Structures are given as C-alpha cells and as structure tokens.
Amino acid sequence: MRLEYPDFRLGNVLATSFTGTLSERHGDAVERIPTPHRLIDWLAVNGLAVDSCTTAQLDLARELRESIHAAATAVAIQDALPASAVQVINDCSAQGRAAAILTPEGKRRWRLSSASCVEDALSVIAADAISVIAGERDGKLALCASPTCRAAFFDTSQSRTRKWCDMNTCGNRQKKARFHANQRKNLRSAE
C-alpha cells in the first residue's frame with residue numbers, strides 16, 4: 001500500500017467498509033481512494049485484487065460508494081430508498097461476473113473474470129450492499145453519532161445500540177472531547 005495516503009478504515013461488512021473510503025463527510029472530508037491505484041489497494045486488502053484501474057472505473061466505484069451510502073442512510077433513518085441509488089447499485093451488481101469459490105481452508109473467496117476487471121469487484125460490493133440493505137443479515141444499519149462523520153455502519157452488537165462507526169476513531173474522539181470539556185468545567189468551578 002502507498003504510505004502517502006490515509007489508512008483504510010476496514011470493517012467486517014464489505015459494503016459499509018467501502019462507504020468508509022470517504023470519511024468525515026460532514027467535516028473535513030477525507031478521500032481514501034483519490035487515485036485509481038488507491039482503489040486497487042483497497043480492493044486487494046478486501047480480497048478483490050485487480051491488476052489495473054482506469055479513471056472511469058474509479059469514477060464508477062465512487063458513484064457506487066455514494067449510492068450505497070445514500071441507500072444505507074435512508075434505511076438507517078427509516079426513509080424511502082433513493083431511486084437513483086437503487087439503480088446504480090443494481091446496475092453494478094448485474095454487470096459483474098465474479099464467482100464465489102470455496103478455499104481448502106473452508107473460506108469463501110471471490111474469483112473475478114479477469115485480473116483487471118474492476119466491474120467484477122464492484123459487483124461483489126454491490127451484491128453485499130443489497131444483502132445488507134434488504135435486511136438479509138443479522139444486524140442493523142446505523143449512522144455514526146459523530147456530527148462530522150455520519151458514516152453508515154452495520155451494527156451487529158447484541159443490543160443493536162452501537163453509536164460509532166469505529167470506536168478507535170469517532171468514538172475515541174468524542175470521549176476525548178467530553179473529557180476535556182469536563183476538565184475545563186471543573187477548572188472553572190474550582191476558581
């Protein structure tokens with residue numbers, strides 16, 4: 001991976017991890033796939049290795065990412081799914097030719113039709129988004145409680161009350177802010 005870019009925020013759900021390639025959407029946005037090569041890196045980390053990516057494929061990937069985020073946000077706030085987002089997700093899902101294969105270790109892996117077919121990788125992500133958005137998995141779509149983040153994430157906690165997309169980033173940032181605010185308040189009341 002190229003070190004000059006921000007780290008990827010990886011999760012257990014492919015579709016919501018993909019939407020995390022743009023973070024801090026309501027603050028100082030951080031684009032984690034700014035170049036075609038960076039998309040190649042993200043796909044490789046997520047078991048969807050491709051050899052090449054064009055600018056047009058990167059644009060398609062970002063369009064899919066934003067469509068998944070829009071649909072996941074709608075589900076999380078119990079709103080109607082945006083028709084344009086549904087269309088992009090469906091189109092990406094239908095255009096790929098990826099196949100699930102079983103490894104000797106009993107794990108699922110994806111075989112893409114060719115080593116350079118970004119569309120196959122995007123179809124896997126779109127199909128994952130469909131299963132999450134359609135409610136086929138045990139969990140619930142939610143939005144990060146951080147006012148600058150608002151990332152969609154898939155909550156599989158037992159109580160389904162998780163507040164942060166990632167405790168190590170957004171949750172920790174909020175806890176630190178509360179701690180420092182309380183310290184300032186305590187200093188003022190001690191004066």
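1. Leu 39 touches Phe 18, Ile 33, Cys 53, Gln 57, Leu 58, Ala 61 and Val 118 once residues up to four places away in sequence are set aside, a contact being heavy atoms within 4.5 Å. The model is a predicted one, in which local features need pLDDT of at least 70 and side-chain atom pairs count only at pLDDT 80 or more, while totals for chains, interfaces and linings use all residues. Residues are numbered from 1 along each chain as its sequence is written, and side-chain values use heavy atoms, with hydrogens and water left out.

2. The largest nonpolar core has 37 residues, and those with the most contacts inside it are Phe 18, Leu 39, Leu 64 and Ile 125. Such a core is a set of buried Ala, Val, Leu, Ile, Met, Phe, Trp, Tyr and Cys residues joined through side-chain atoms within 4.5 Å; buried means under 20% relative accessible area, exposed over 50%, and partly exposed in between, with a 1.4 Å probe and protein chains only. At least two residues of this core are supplied by each of H1, helix H2 (36-45), H3, H4, H5, strand E5 (140-143) and strand E6 (152-155), and the largest share, 9 residues, comes from H5. Helices (H or I, at least four residues) and strands (E, at least two) are DSSP runs, numbered from the N terminus. A second, separate core of 8 residues includes Cys 144, Cys 149, Ala 151 and Phe 153.

3. How far apart are the end C-alpha atoms of helix H4 (residues 83-95)? They are 18 Å apart, which agrees with the 18 Å that its 13 residues should span at 1.5 Å a residue, the expected span being 1.5 Å times one less than the number of residues. The buried residues of H4 are Ala 85, Val 88, Ile 89 and Cys 92. These residues cover an arc of only 95° around the axis, which puts them on the same side of H4; the arc is that of the directions from the helix axis to the C-beta atoms. An α-helix has 3.6 residues a turn, so residues three or four places apart point the same way. Ala 83 and Ala 94, on the other side of H4, are exposed, whereas the cover over the buried residues includes helix H3 (55-76) and helix H5 (118-133).

4. Thr 19 has its place in helix H1 (residues 14-19) and counts as buried, at 2% relative accessibility. Leaving out residues up to four places away in sequence, Thr 19 touches Arg 25, Arg 65, Ile 68, His 69 and Ala 152.

5. The count of salt bridges comes to 7, each being a side-chain nitrogen of Lys or Arg within 4 Å of a carboxyl oxygen of Asp or Glu. In the pair of Glu 31 and Arg 65, the closest N and O atoms are 2.8 Å apart. Glu 31 lies in strand E2 (residues 30-31) and Arg 65 in helix H3, so the pair ties together parts that are 34 residues apart in sequence. Arg 65 is buried, with a relative accessible area of 3%, while Glu 31, at 25% relative accessibility, counts as partly exposed. Glu 66 also forms a salt bridge with Arg 65, the closest N and O atoms being 2.8 Å apart.

6. Arg 160 forms a salt bridge with Asp 138, with the closest N and O atoms 2.5 Å apart. Through shared partners, salt bridges join Arg 25, Glu 31, Arg 62, Arg 65 and Glu 66 into one network.
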